[in-house]
Amino acid sequence: MLNNPTLEKLKLLKLTGMLKAIEEQMSMTGVSELDFFERFALLVDREFEERENRKLKSRLKTAKLRQAASVEDIDYRSPRGLDRGLIASLSSCGWIGSKNVIIAGATGSGKTFIACALAQKAMREGFSATYKRTARLLRELAVAKGDGSYPKLLNSLAKTDLLVLDDWGLAPFTGGQDQDMLEIVEDRHGQRSTIITSQVPVDSWHALMANPTVADAILDRLVHNAYRINLTASESMRKVRVRKGDSDDR
């Protein structure tokens, strides 16, 4: 049986998974029937799991998702034109790095929940993600230009594997905002992926931009290689969830 100094060394080495597994084995009956490599494999598995959980927790903290959502909790019972097969395909995360996702629909149709659920699944698969409300991001970019942190902010957005832009197009892009958005999508094009939620139909996005040429460039990089989810709920998912005693518009 391991002595206390050995357990203390595991603590100092921050091998908390192994430490927990050893403590569990010490109280288990029949563990002596396992050979050395079987017991060692259990220790390694536990340490690996512990580290992956810590990484996921860190990614979730950084992402700041608007809703605590998961693909397993998406509601398919309420009629809104949601394709279960497409969600299952997107949940594999094979599209991240080459394609985008556009989720369109009326307010309360569950756009944000689905976007956050896909982002959460991506982080479970080891990808980084960042959630931003589009209007707030545009304000952050304006402030960054004033305090000199604009390049740093663009670089941070360019590096994240999956960027969620929520509530796209609630107001027209003005005062160079369309150019700011082009900088973001250009840095990410063909290398990273973006999820956009919007109440505005994609066909109307061009009119949201002040500069038609910039609008063409943005749409070319966002729309032409995107999976589209068009939600057609006849009733707000928020009302549906309230009736069912749940606050999330899944």
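The model is predicted, with local features needing pLDDT of at least 70 and side-chain atom pairs counting only at pLDDT 80 or more, while totals for chains, interfaces and linings use all residues. Residues are numbered from 1 along each chain as its sequence is written, and side-chain values use heavy atoms, without hydrogens and water.

**The helix pair**

I looked up the axes next: those of α2 (residues 16-26) and α3 (residues 36-63) come within 7 Å and cross at roughly 135 degrees.

I then listed who touches whom (heavy atoms within 4.5 Å). On α2 I noted Thr16, Gly17, Met18, Lys20, Ala21, Ile22, Glu24 and Gln25. On α3 I noted Arg39, Phe40, Leu42, Leu43, Val44, Arg46, Glu47, Glu50 and Arg54. Sorted by class, the contact has seven nonpolar, three polar and seven charged residues; Gly counts as polar here.

Cys93 has phi near 65 degrees and lies in the loop between α4 (84-91) and β1 (100-104). I put Cys93 down as buried because its relative accessibility is 4% (buried means under 20%, with a 1.4 Å probe and protein chains only).

Asp167 has phi of about 60 degrees, and I found Asp167 in the loop between β3 (162-166) and α8 (177-188). At 15% relative accessibility, Asp167 went down as buried too.

Technical notes
Axes are lines fitted to C-alpha atoms, for helices over the stretch in contact, and angles run from 0 to 180 degrees between N-to-C directions. Helices (H or I, at least four residues) and strands (E, at least two) are DSSP runs, numbered from the N terminus. Buried means under 20% relative accessible area, exposed over 50%, partly exposed in between (1.4 Å probe, protein chains only).
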